[in-house]
Amino acid sequence: MAISQTRAAAISSIGIRALSYFFLRWAMLPFGPALIFTLFAIYLPTFVSGFRKEPKYNLVDEVDVVVTETAIRDENAEEDDSPGAPAPNGNEKMIAEQVDVQETISIEKRPMHALRTLLSGAPNPRSLALSALTFLINAALVGFVADRLFRERYYGAEDLSFARVGYVGEHEAKLLIREPDQTKMPINVQIHLKDPQPPFDNPLWQSVGGVRWTGNETDYTAVVTIPLRNSGQRTYEWKTSNNHTGEFTTPPKVGSAFETGEGPFTFLSTSCIVSRLPYNPADHPLAIPGMRHLAKVLPSLGAQFMLFLGDFIYIDVPRYWAKSTEEYRKKYRQVYASPDWQAVGQNLSWIHVLDDHEIQNDWSANTTGVYQNAIDPYNHYHAAANPPLAKKVGALSARSGATYFEFTQGPASFFLLDTRTYRSNNKIAFTDDAKTMLGAGQLEDFIAWLRRPEPKGVKWKIVASSVPFTKNWGVNTQDTWGGFLTERKRILEAMWDTASRGIGVIVLSGDRHEFAATKFPPPMNSTWPETATVFEFSASPLSQFYSPVGTYRQRDSEDVEIKYINKGNSKFGAITIENLEGGDQSSLKYRLFVDGEEVWNTVVLSPPVVIEDVRPAIAAGSWWERLFAWRR
């Protein structure tokens, strides 16, 4: 019985150690803690019972068998004197065997097996110290899991006060402020030029707006839109009356980088944040290791903004505690309350895209269920500080209720897709012509943006998609564009049209916790030239687990692999655009950083103009499109 208890303790111990390592260092799967706690509930009594009842000595039963052989002569044999009788054989003998059996029973101490005890977690009745040590190892692991699961729950950050830079344009900047303490009201915001050029620039601090009050309806947040009067690319310092400070840099004028020779235009891209992974018991409960990697290289990049492609929070990791609006709000506050946030968010503009973990894993239920609770803090903390909403086709204003964005800066035009609010159910067959990820309205506006001529000097259209555009990821493909192939084909055709007019199209995505660079060449013998190839760079996570087993594989000639890297808990891309000599073409350099180190880069050139006679048809559309066609 005691032996079986010890065996049960060893098996449950191995399970505790394997699952704890996986949960704390690889992936915080929601079922992990419950399984670990259950195994520990089995381990504890079996360990105690095994230690108390398993014998300290072995019973040794030795049996010795001794066989003794003895030769005996037959002295009673009579001699035969008859003629011809054989002579007596004096050497003839009989053999007698004597068997002695000796049984010895002894008791001896069982071997120590110190290493086996420490590795297996089983009790060792011969050593209280070894047993206690191996037990404490398991108890510590369970404690670490409990610490990661429960400790952050006590950091609701209800009193969090912070300010961050949102979208920064040529003529305005957005500053998101959270301040629950109403004694600090009203909040005044001031800015001044960091590098004033006298006598033309005013070096003094100037009041540019503020917040009169905040309330629970917005989780005590407000956005201040700061008007900018200076022309050109300038750096401003800002401060608020509730003691927050920072700086931001305005972008170059639209297309101007290719006319005036201003420096390269750089921005960043990544997605996916979860705190304390890999787990370190010495870390703050809200620590985000990936932000430290970003902070290390950020000063050297000269980035204009961070294009964050979703999963800023993980509502269901390490556990889906509640579905209330307050629970979703708490997750946002915890990220902004992280001690690692300020180094990457105080002086860098962050622009956001919505993805599933801001709502629920693999979300495809539109605006039903928990969507309204989830979208509330997303709107207050992210959408309110984002660029302008994308314009409706044929209109100067955004479509009512739109949740996707567009803007143009320097050499590039950007469209930020919403891949969650309007999508069809993931379970619908990927070949269904009616299946949509974007919805009719967003698709129409997106295609119109692709077709829209851009001002002189804008050589790139950048598409931000929270999920990968390629179908090369074989795991959970239905949640990516690989599950929406009919709609993807229509979009690709519009992209190839755009590239044929001399505007390069780049898709930036995240979600997969891996990196892949993929190109989408036009079909062979089509009307599109090979130079119209579309490129995708998918990089994530900023701070999350990664798959130790590769899940990306090229399957056909439609999605062509350029580079694939699965390892690394922190990945982000730095995209730099600059003009080539003469100004007719530009280069886009993509640099991949893994755990704070640059590990790969590539350069893509903007395509040459192949299709010239397309603008009259485009100009026949909206007033907006006709205006840009004329300017072109």
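Okay, let's start with the surface: the accessible area of the protein chain is about 28,600 Å², and 54% of that belongs to carbon and sulfur atoms. That area comes from the Shrake-Rupley method with a 1.4 Å probe.

Quick caveats: this is a predicted model, where local features need pLDDT of at least 70, side-chain atom pairs count only at pLDDT 80 or more, and totals for chains, interfaces and linings use all residues. Residues are numbered from 1 along each chain as its sequence is written, and side-chain values use heavy atoms, leaving out hydrogens and water.

How many of the 632 residues count as buried? It's 53%, with buried meaning under 20% relative accessible area (1.4 Å probe, protein chains only).

Now, the rings. The whole structure has 42 aromatic pairs; Phe, Tyr and Trp rings (for Trp, the six-membered one) pair if their centres lie within 6.5 Å, and planes under 30 degrees apart are stacked, over 60 edge-to-face, the rest tilted. Take W26 and Y546: they're edge-to-face, 4.9 Å centre to centre, with 65° between the planes. W26 is in the loop between α1 and α2, and Y546 in the loop between β18 and β19, so this pair ties together parts 520 residues apart in sequence. Y546 is buried, at 14% relative accessibility.

Then there's F162 with Y381: centres 6.5 Å apart and planes at 0°, so they're stacked. F162 sits in strand β3 and Y381 in helix α9, so that pair links parts 219 residues apart in sequence. F162 is buried at 5%, and Y381 is buried at 0%. Both belong to one aromatic cluster, whose members include F308, W341 and W350.

Definitions and conventions: Buried < 20%, exposed > 50% of the residue type's maximum accessible area, 1.4 Å probe, protein only. Helix = DSSP H or I, 4+ residues; strand = E, 2+ residues; numbered from the N terminus.
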